[in-house]
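Subject: the two-chain model, plus notes

Hi,

Here is the structure I promised to pass on.

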Amino acid sequence: MDFLVFQYPMITVQACLDGILLGVLFALIAYGMALQWGVMNIINIAQGDLVILGGYIAYFMYLYGIHPAWGVIVAPVIMYFVGIAIYKLVINKVVDRDLFISILATFGISILFMQLMNFAFGADVVLANSGYGTTMLFDSNVVLPNSKIFSAFISILFAVCLVIYMKKSKLGRAIRATAQNARAAKILGVDTEKVYAATFGINAALCGVAGALISITFTIHPYMGLPYTIRSFMIVIVAGLGNLPGVAMSGMGLGVFEEFADYILGTEFRIGSVFLLLVLILVYRRFKLSRKREYLK
Amino acid sequence: MRLNKIILSFVSALVILFSTSVASFAKVVGDKIILGAAISLTGKYSSNGVHTQNGYNMAVDRINSMGGVKVGGKTYKFDIIYYDDESNPKRAAQLAERLISQDGVEFMLGPYSSGLTKAIAPVTEKYGVPMVEANGASRSLFTKGYKYLFAVLAPANLYLDVAIETAVELNGGKPVKIAQAFEQDAFSQDVRLGILDAAERTGSKIIIDDKLPKELNDMAATLVKVKQMKPDVLVVSGHTKGALTAIRQIAEMKVDVPMLAMTHCDAAKLSKQHGKNSQYALCASQWHKSLTYKDDFFKDGMTYAADFEKEFGYDPPYQSAESSAALLVFKDAFERANSFDQKKVRDALAATNMQTFYGNIKFAPGGQNVDKPMVLFQVMCDASGSCENKVVAPLKWASAKLIHPIPKWSDR
């Protein structure tokens with residue numbers, strides 16, 4: 001146990017800001033996962049690998065002298081088509097089956113992607129430098145890398161645009177209708193096959209954006225996908241499906257929680273404490289749910 | 001028709017017989033000494049696996065073209081059977097079994113990384129197959145009482161204690177405050193043990209002791225602590241991702257610390273990926289091309305580096321150099337044993353005392369090389385932004401003077 005947070009009050013501010021900036025980025029990935037989980041009832045284990053692939057797109061742009069920030073525009077476009085391709089090849093065959101089969105299928109895709117990326121790009125850890133500099137606050141006691149601020153800003157921008165798109169556009173309405181009741185939507189003339197493909201594409205595109213941002217703020221290599229899958233899975237579990245503001249809040253909450261766990265319990269318990277939190281929340285939810293059921297009885 | 005079948009089965013039986021009989025003679029066939037190696041050609045260690053393989057191949061070609069190995073008045077040439085262990089310890093152990101019991105290999109070269117060497121060592125030990133390894137530095141390899149394991153490199157706990165000693169020396173012999181962050185894997189934790197020893201020896205205090213997760217790509221929390229608690233030395237070890245993450249975030253967060261010591265800088269291509277931000281970082285290395293060790297085959301480090309670059313198109317990292325050295329050790333041992341008897345070769349290996357371009361080699365009873373100190377280099381950049389690694393410690397090999405303390409970010 002460490003009590004640095006109390007000895008150095010500025011750490012509290014730093015931890016909150018770091019956590020929020022990090023959480024927003026995670027929330028973006030979780031948002032994509034929640035979307036396709038809600039619409040297609042598929043838990044995508046390959047989520048993190050799509051993120052890393054998006055990161056490589058930004059990295060290669062950086063290698064060829066283009067500023068990696070442009071990756072947040074290029075990566076989603078490419079990833080959208082990658083998503084559609086994955087849907088057409090694999091996902092459309094498992095979309096109506098039970099959850100276990102889709103988990104197995106996406107797990108397979110995840111392994112395939114890892115190995116292909118390793119084969120194509122090599123096992124080296126890489127990153128793209130944005131050269132954005134640093135923002136200093138409170139007499140330079142709190143430091144925020146501008147790349148983190150940039151990525152949080154872009155994440156929010158994409159999330160907001162997507163929410164508006166879902167509300168206003170025809171496809172967005174079709175997606176929401178399919179999520180509510182696929183059969184009814186089909187009867188009313190929604191081409192659900194198209195909706196599924198588009199949903200998976202949009203999810204992959206969001207992963208592409210997040211990946212580009214991660215290559216600017218952190219590092220990427222072919223085997224780093226799984227932690228992102230797990231985090232977004234947790235955020236969705238905590239927030240519940242179809243609860244978009246909830247996803248944003250639980251993303252940021254988890255980010256802050258992680259940072260504090262790091263300072264108070266120690267870095268080695270950072271990930272562990274997040275898992276503990278997940279277990280607690282699931283137990284709590286079950287408890288609440290069972291009381292509700294009794295009430296209904 | 002029936003005759004055809006009979007002929008076919010006869011021929012295939014012959015083929016099977018022939019192939020197995022070749023395999024059982026595989027240790028020394030004709031004028032060839034066949035060594036076995038499981039190497040990570042795919043999977044997460046594949047880049048370093050390839051460096052290792054290139055190092056082995058370079059030495060095999062060189063030794064063969066310069067007269068080979070002379071045993072019992074006859075000249076032999078080296079040959080290596082490689083298998084891809086997919087960076088997976090279980091697979092590596094299986095492949096070691098296969099090399100020994102199916103392919104009949106009687107002498108082994110090591111794989112890449114401490115973890116895989118740990119997986120293979122029990123197998124080679126069980127069969128009494130001498131193994132010279134060049135890429136497993138974990139201390140636990142040398143405390144298990146293995147008799148057939150020999151490592152040409154210095155053990156992991158010696159990687160960075162030079163840095164602590166240097167820091168204490170520069171502090172006028174007074175103890176220093178140390179902040180450390182290590183990944184939770186066998187190698188990095190061994191480096192950590194070395195630092196703990198050095199701290200105790202010098203009376204220094206460890207004020208931050210973070211353990212980083214395996215999928216580390218964010219150490220902002222550690223760096224915030226460093227910023228607030230102002231240690232004299234920051235030590236980071238977490239393979240290439242640790243080195244890259246540390247430099248990126250130290251620069252972004254403008255963390256001022258008088259001394260920054262790390263591992264895996266050249267594998268991470270720090271100065272290429274981070275340019276001037278990596279300046280002043282101190283890096284532990286098994287080898288550097290500017291060291292002045294010499295041998296008959298590669299002459300010295302500079303010549304080795306030039307030849308390697310000509311053949312493979314890149315500057316050799318120390319992983320390649322130490323792998324080449326493993327072959328030189330084997331050649332020397334075969335010639336001194338003057339036999340292919342595994343026991344005699346093992347004893348000859350244990351008695352090794354030689355100099356190679358990579359460094360002096362002399363094995364302790366545990367199998368680690370005790371005659372080659374680690375070197376520390378510092379990343380130094382000129383005004384145009386091109387950076388170079390210069391050896392700064394130990395003083396005997398230093399080609400530049402250590403810049404200490406690291407200038408503050410506000411003055412850079």
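This is a predicted model: local features need pLDDT of at least 70, side-chain atom pairs count only at pLDDT 80 or more; totals for chains, interfaces and linings use all residues.

I'd start with helix 9 of chain A, residues 192–217. Of its 26 residues, 23 are buried, so the helix is mostly covered. Its length works out too: at 1.5 Å a residue it should span 38 Å, and the C-alpha atoms at its ends are 37 Å apart, which agrees.

Helix 4 of chain A (residues 71–94) packs against helix 9 of chain A, with axes that come within 6 Å and cross at roughly 140°. An angle over 145 degrees would count as roughly antiparallel, so at roughly 140° this pair is oblique. The crossing is right-handed. The residues in that contact divide into 20 nonpolar, 8 polar and 1 charged.

**Helices 10 and 11 of chain A**

Next along are helix 10 (residues 225–239) and helix 11 (residues 244–265) of chain A, whose axes come within 8 Å and cross at roughly 125°. That angle makes helix 10 of chain A oblique to helix 11 of chain A, and here again helix 10 passes helix 11 in a right-handed crossing. On the helix 10 side the contact is made by A:M234, A:I235, A:V236, A:V238 and A:A239, and on the helix 11 side by A:G246, A:V247, A:S250, A:G251 and A:L254. By class, these residues are 7 nonpolar and 3 polar, with no charged ones.

**Helix 6 of chain A**

Helix 6 of chain A covers residues 146–168. What covers them?

**Where the chains meet**

In the contact between the chains, 29 residues of chain A touch 30 residues of chain B. Helix 2 (9–40), strand 2 (142–145), helix 11 and helix 12 (270–296) of chain A each give two or more residues to the chain A side. That side has 14 nonpolar, 9 polar and 6 charged residues.

**Spots to look at in chain B**

- B:H274 sits in helix 9 (residues 270–274) of chain B. Buried or exposed? It has 23 other C-beta atoms within 10 Å, so it is buried. Leaving out residues up to four places away in sequence, B:H274 touches B:I247 and B:R248. The C-alpha atoms of B:H274 and B:R248 are separated by 7.3 Å, although the two are 26 residues apart along the chain.
- B:S87 has a positive phi, near 60°, without being a glycine. B:S87 is in the loop between strand 4 (74–84) and helix 3 (89–102) of chain B, and counts as buried with 25 C-beta neighbours inside 10 Å.
- B:K299 is another non-glycine residue with positive phi, near 65°. It belongs to strand 14 (residues 299–300) of chain B and is partly exposed, with 13 other C-beta atoms within 10 Å.
- The peptide bond from B:A393 to B:P394 is cis, with omega near -5°. The bond from B:H404 to B:P405 is cis too, with omega near -10°.

Cheers

Key
Residues are numbered from 1 along each chain as its sequence is written. Chains are lettered from A and ligands numbered from 1 in the order in which they are written. Helices (H or I, at least four residues) and strands (E, at least two) are DSSP runs, numbered from the N terminus. The expected span of a helix is 1.5 Å times one less than its number of residues. A residue is buried if 20 or more other C-beta atoms lie within 10 Å of its own, exposed if 12 or fewer, and partly exposed in between; C-beta atoms are placed from the backbone. Axes are lines fitted to C-alpha atoms, for helices over the stretch in contact, and angles run from 0 to 180 degrees between N-to-C directions. Angles under 35 degrees count as roughly parallel, over 145 as roughly antiparallel, 65 to 115 as roughly perpendicular and the rest as oblique. A crossing is left-handed if the near helix is turned anticlockwise from the far one by less than a right angle, and right-handed if clockwise. Two residues are in contact if their C-beta atoms, placed from the backbone, lie within 7 Å. Ala, Val, Leu, Ile, Met, Phe, Trp, Tyr, Cys and Pro count as nonpolar, Asp, Glu, Lys and Arg as charged, and the others, Gly among them, as polar.
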